Amino acid sequence: MSTWNSRNRYKYLLQYHIIFVCKYRKQLFLLPGLSDKIKELSRIICVRHDVTIKYMETDKDHIHYMMEFPPTLSVSSLVRTLKTYTTYHVWRSEFADRLNQHFWRERTFWTDGYFVCSIGSVSEKTLKEYIEN
């Protein structure tokens, strides 16, 4: 279990499960090395923004993250930054020719949407009882 983080005026433990899906559900992570490249780029951007990646794994057409980050960073801004950074750099890498075979008119990689779910350390029932009492 994670521990509480402290800053100057607040204490927090914010954890999220985030999923990005490849555009058109293309099974791009079957390309050798692409999964590792996306993970590497994700780690770089997360270090810059004080985000802790607890777990990260890819399937054929999507990536799962379990992340922890401070309340000063919004989920939407982190998602936008991750998607933009990874897309830009993967197109400037050795995978550009392979991606051109899938996206011949656009330099895209991810779908427009994403999934996010907060991960609490207590159950809803426990929290409800705490608030009521």
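How many positive and negative side chains does the protein have, and how far apart do the centres of the two sets lie? I looked this up before anything else. I got 20 positive and 14 negative side chains, with the two centres 4 Å apart. For this I counted Lys and Arg as positive and Asp and Glu as negative, leaving out His and the chain ends. Each charge was placed at NZ of Lys, CZ of Arg, CG of Asp or CD of Glu.

**Ground rules**

I am working with a predicted model, where local features need pLDDT of at least 70 and side-chain atom pairs count only at pLDDT 80 or more, while totals for chains, interfaces and linings use all residues. I number residues from 1 along each chain as its sequence is written, and side-chain values use heavy atoms, with hydrogens and water left out.

**Overall layout**

I found four helices and six strands. My helices (H or I, at least four residues) and strands (E, at least two) are DSSP runs, numbered from the N terminus. Going along the sequence, I wrote down β-β-β-α-β-β-α-α-β-α. The C-alpha trace spans about 60 × 30 × 20 Å along its principal axes.

Next I checked cover. Of the 133 residues, 41% are buried. I call a residue buried under 20% relative accessible area, exposed over 50%, and partly exposed in between (1.4 Å probe, protein chains only). The accessible surface is about 8,700 Å², and carbon and sulfur atoms hold 50% of that. Those areas come from the Shrake-Rupley method with a 1.4 Å probe, and for residues only the protein chains shown count as cover.

I also looked at contacts (heavy atoms within 4.5 Å). Among those between residues at least 6 apart in sequence, 69% join residues at least 24 apart.

**Strand E3 and its partners**

Which strands pair with E3? I found E5 (residues 62–68), running antiparallel to E3 and joined to it by seven bridges. I also found E6 (residues 115–119), again antiparallel, with five bridges. Two strands pair here if DSSP finds at least two bridges between them.

I noted a residue pair for each partner. Gln-15 has Glu-68 of E5 as its bridge partner, and His-17 stands opposite Cys-117 in E6. E3 itself covers residues 15–21, and six of its seven residues are buried.

**Salt bridges**

I searched the whole structure and got four salt bridges. The test is a side-chain nitrogen of Lys or Arg within 4 Å of a carboxyl oxygen of Asp or Glu.

- Asp-61 and Arg-25 meet at 3.0 Å, N to O. Asp-61 sits in the loop between E4 (52–58) and E5, and Arg-25 in the loop between E3 and H1 (34–48), so this pair ties together parts 36 residues apart in sequence. Asp-61 counts as buried, at 11% relative accessibility.
- Lys-39 and Glu-57 have their closest N and O atoms 3.1 Å apart. Lys-39 belongs to helix H1 and Glu-57 to strand E4, so the pair links parts that are 18 residues apart in sequence. Lys-39 is buried at 11% relative accessibility, while Glu-57 is partly exposed at 46%.
- Lys-54 and Glu-68 meet at 3.9 Å, N to O. Lys-54 is in strand E4 and Glu-68 in strand E5, so the parts tied together are 14 residues apart in sequence. I have Lys-54 as partly exposed, with a relative accessible area of 34%, and Glu-68 as buried, with 7%.

Leaving aside neighbours within four places in sequence, I list Val-90, Ser-93 and Phe-95 as the residues in contact with Lys-37.

Most residues other than glycine have a negative phi.

Arg-25 has phi near 55 degrees and is not a glycine.

I place Asp-50 in the loop between H1 and E4, where Asp-50 is partly exposed, with a relative accessible area of 39%.
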